[in-house]
Amino acid sequence: TLSSSGNLTAGFVAALTGIGDHLGEFQMSANLQQGSSGGPVLDQWGRVVGVARSRLVAATAGEAPPEGINFAIGMRDVNIFLANAGQAVSYSGRGAPIDLSDIATMAREFTVRVTCWR
């Protein structure tokens, strides 16, 4: 509901593993909002490097949730999922880093909103 053209949040990888050193995830500073799960996580070249999963929530009711502790599924697990679904995965070279606004424009070409009513 914030933007029909999508939202982009800049951040960085904070840890190469998830909670409990889970190797299938990584921690990032890009703040995830409700509804962000399933969105692509892109690097500075506009390549998908993960899939947004979750954010750390407050331990007790009424407590402010910690900021900047968010998680994404890493490409190793994403590639396994895609291969099991019969989907081909391709990669491209790096080249020069891309401006954030250009990455947002690129992402609009392959990102769609999916709503689940159940």
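## Helix 1

Helix 1 spans residues 75-84, and its buried residues include M75, V78 and N79. Buried means under 20% relative accessible area, exposed means over 50%, and partly exposed lies in between (1.4 Å probe, protein chains only). Helices (H or I, at least four residues) and strands (E, at least two) are DSSP runs, numbered from the N terminus. Seen down the axis of helix 1, the buried residues fall within an arc of 100 degrees, so they line one face of the helix. The arc is that of the directions from the helix axis to the C-beta atoms. An α-helix has 3.6 residues a turn, so residues three or four places apart point the same way.

What do the buried residues of helix 1 pack against? They pack against strand 4 (48-55) and strand 5 (70-74). Contact here means heavy atoms within 4.5 Å. The face turned away from the buried side carries exposed R76, F81 and N84. Just after helix 1, G86 takes a positive phi of about 75 degrees.

## Basis of the model

This is a predicted model: local features need pLDDT of at least 70, side-chain atom pairs count only at pLDDT 80 or more, and totals for chains, interfaces and linings use all residues. Residues are numbered from 1 along each chain as its sequence is written, and side-chain values use heavy atoms, with hydrogens and water left out.

## Strand 5 and its partners

Strand 5 is mostly covered, with four of its five residues buried. Strand 2 (residues 25-28) pairs with strand 5 in the antiparallel sense, over four bridges. Within this pairing, E25 has I73 of strand 5 as its bridge partner.

Strand 4 also runs antiparallel to strand 5, and five bridges join them. Here S54 stands opposite F71 in strand 5. Two strands pair if DSSP finds at least two bridges between them.

## Salt bridges

How many salt bridges does the structure hold? There are three. A salt bridge is a side-chain nitrogen of Lys or Arg within 4 Å of a carboxyl oxygen of Asp or Glu. Side chains of opposite charge can pair when their charged atoms come close.

E25 counts as buried at 10% relative accessibility. R53 is partly exposed, with a relative accessible area of 41%.

Another salt bridge forms between R47 and D43, whose closest N and O atoms are 2.7 Å apart. R47 is partly exposed at 23% relative accessible area, while D43 counts as buried at 15%. In the salt bridge of R76 with D77, the closest N and O atoms are 3.1 Å apart. R76 is exposed, at 52% relative accessible area. D77 counts as partly exposed, at 25%.

## Nonpolar surface patch

V48, M106 and F110 make a nonpolar surface patch of about 230 Å². V48 belongs to strand 4 and is partly exposed, with a relative accessible area of 33%.

Patches are made of residues with over 30% relative accessible area and no salt bridge; like charges are joined within 9 Å, and nonpolar side chains (Val, Leu, Ile, Met, Phe, Trp, Tyr) within 5 Å. Accessible areas come from the Shrake-Rupley method with a 1.4 Å probe, and for residues only the protein chains shown count as cover.
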